[in-house]
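The following is a walk through a predicted model. It takes up a sheet, then the helices that go with it, and ends with an interface.

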Amino acid sequence: MGSEIIIELIDDEVKIISKREVKIIEGNLKDRIEEVGEYIKGKKLEKRGREVVLIIESNLSTIKIEDQVYMNKRNMRKNFFYNVKKYFPVNRNEFIFDIKVLCKKSKANRVSMTYISKEEIEGLIKLLGEIKINIKKIILYEDLISETVMENKSSFAIFFNTKKNIYISEYVEGVCKYVKKINTEDEKEVKYKLDLIIAEMEAEKIYTLNKAEKITEFLKRKEVEHENIDIDYLKQIKKVNTFNLLDDESKKKLIVKRRVVKAYQILVVAIVVVELVGVSIKRNVKNMEVEMEEYYRDEDMRKEKYKDSTEVVKDIEEIKNRILKSNEGAEKYGGSKIYERDYKKIINALDEGSKVESIEIKEGLITIDIISETVEASEETIRGVKRNFREVNILNIRETLKNKIMLQIEIK
Amino acid sequence: MKKLNTKELVYMSTLISLHILFTELISIRLPMVEIGFGFIPLAVIGILFGGLYTGMAMAISDGVGSMLFPPAGGWFYGFTISDIITGLLYGNFLYRIGSDGKKQQLIKIAMLVLIVNLGINLTMNTYWLTILLSKGMLVLLPARVIKTIIMIPIQYIIISIVINKVKTLKVN
């Protein structure tokens, strides 16, 4: 759970407990729902606390305790919801149900089943749904308190009072025996009922909550041993084995709504991504078009140059002259030597259709191996030229190269 | 994000392979449209693994798929983006759908099919095609609208059936 909010609905009083403060809104929840909403929104609790724990008094709910055949929690819940009518013969649409394990016995689970009227908390569920807060858990007040005490004692009673009522719950062997509520308006009646309850009580120990003065006074007078305890809700809630009440129909509707909202968010992000990618693609396409245009224009120039086959011959003659300016050629024609890699460079350059004049060469020596390579390279050259400049008379090129090679052989 | 264990990874990779096969090889070619079935394994991934993993699975599937079966016109990352978003949506709507009531399931499937077909297939993918083919959107739309109209009920029915079969499947 993120930042916690606890909403306590006890005795016509709505208590909103956050880490920073406790807000008490007096009056029935149904009448004060707008005020609750305004407070949560005003304090921006909907941002910090995405989940809320709801504490309700047990007279808003009905509890049944039963021993069931041992099974895992998942199956137990499935089984409960499948047979819910058997346990609670009420309209499923008007109530929310849940089950929790109280204790494990041999080959059995002692479970507590409950249902809560939707009508009582429907306004709050709707409000929290609107401000996007999940109800994570609904805890019965007595359960929350009994969990605190349960660690020390298995049989005990809890007394606590609110402005209008006194609540008494008794637990025997870890199981809630009863929850009673006494209206405090008539003091005589209260004393009478409390006397009766204490007389029948089996509990080993009595606890009073949060300095419940009226009850403490009464118990002292009756010389009943008791202990006052303070409960820190925020810490205690994490320990409580709670009802989850997650299978509530209204919550499911909320889930569908949230999925749609999430899908909408995904689509918004998608639109932004698509827009960015689209712009980038269009820019790239434009750049590519410019490059292609330049490339074709350049190629057109070369095509223009080699339109006349004599230009090709001229270029190849130039190569021939350079080659002849090698070792023996140098002697015969008064030229200079070139290296093997320079020779290859020239042939490759011709293959690619580049200008031969632009190739930088160093002085070197031509061998018979290079000449034999030249024969193969010449074929490639023809294909290259043919590929690039279709208008050129291929025969002329072949003839020129052949002459060139023959001449080199003669030289060797 | 929860880490996947070995068993989940095996499930995921098998489903990705199935997605590639269903998308590339198993399809019905009608005169107007080609009906692919890649959405079936995609729905299963969505049910089992949720949005983020389904988005990732779709990215992997698109990459591997275009290596094995190079698309005409080459790989284009716009469609990968569409696939990832489709995966996110499938996961968003279908993750653990088995725990929902029947009515919620049907609403979720309807929402999913409508959003994916209208938002992704009809709008986003058409936009990518306008960039790729240098054609106006209105030129491409009519054929794609027909495809969408055919695909919406088919996907709705098939995903509903698949969910009924798969919802009880547990990876862990």
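In chain A, five strands make up an open sheet of mixed pairing, in the order β11-β10-β9-β12-β13. The edges are held by β11 (175-183) and β13 (226-229) of chain A. Each of these two has a single partner strand, so one side of each is left without a neighbour in the sheet. From one strand to the next, the twist averages 20 degrees.

Within this order, strand β9 (residues 156-161) and strand β12 (residues 205-209) of chain A run parallel and are joined by four bridges. Ala157(A) has Ile206(A) in β12(A) as its bridge partner.

Helix α7 (residues 187-200) of chain A lies across β9, β10 (165-172) and β11 of chain A, and runs at about 165 degrees to β11(A). Helix α8 (residues 213-221) of chain A also packs on the sheet, where it touches β9, β10, β12 and β13 of chain A. The direction of α8 makes about 130 degrees with that of β9(A).

The remaining topic is the interface with chain B. Here 19 residues of chain A are in contact with 22 residues of chain B. The size of an interface is often given as the accessible area lost when the parts come together. For chain A and chain B, about 1,900 Å² is buried between them, with 74% of it on carbon and sulfur atoms. The side of chain A that touches chain B has 11 nonpolar, two polar and six charged residues.

Terms used
Residues numbered from 1 in each chain as written. Chains lettered and ligands numbered in written order. Predicted model: local features only at pLDDT ≥ 70, side-chain atom pairs only at ≥ 80, totals over all residues. Heavy atoms only, no water. Contact = heavy atoms within 4.5 Å. Buried area = accessible area lost by both parts, 1.4 Å probe. Nonpolar A, V, L, I, M, F, W, Y, C, P; charged D, E, K, R; others polar. Pairing = 2+ DSSP bridges. Axes fitted to C-alpha atoms, helices over the stretch in contact; angles between N-to-C directions.
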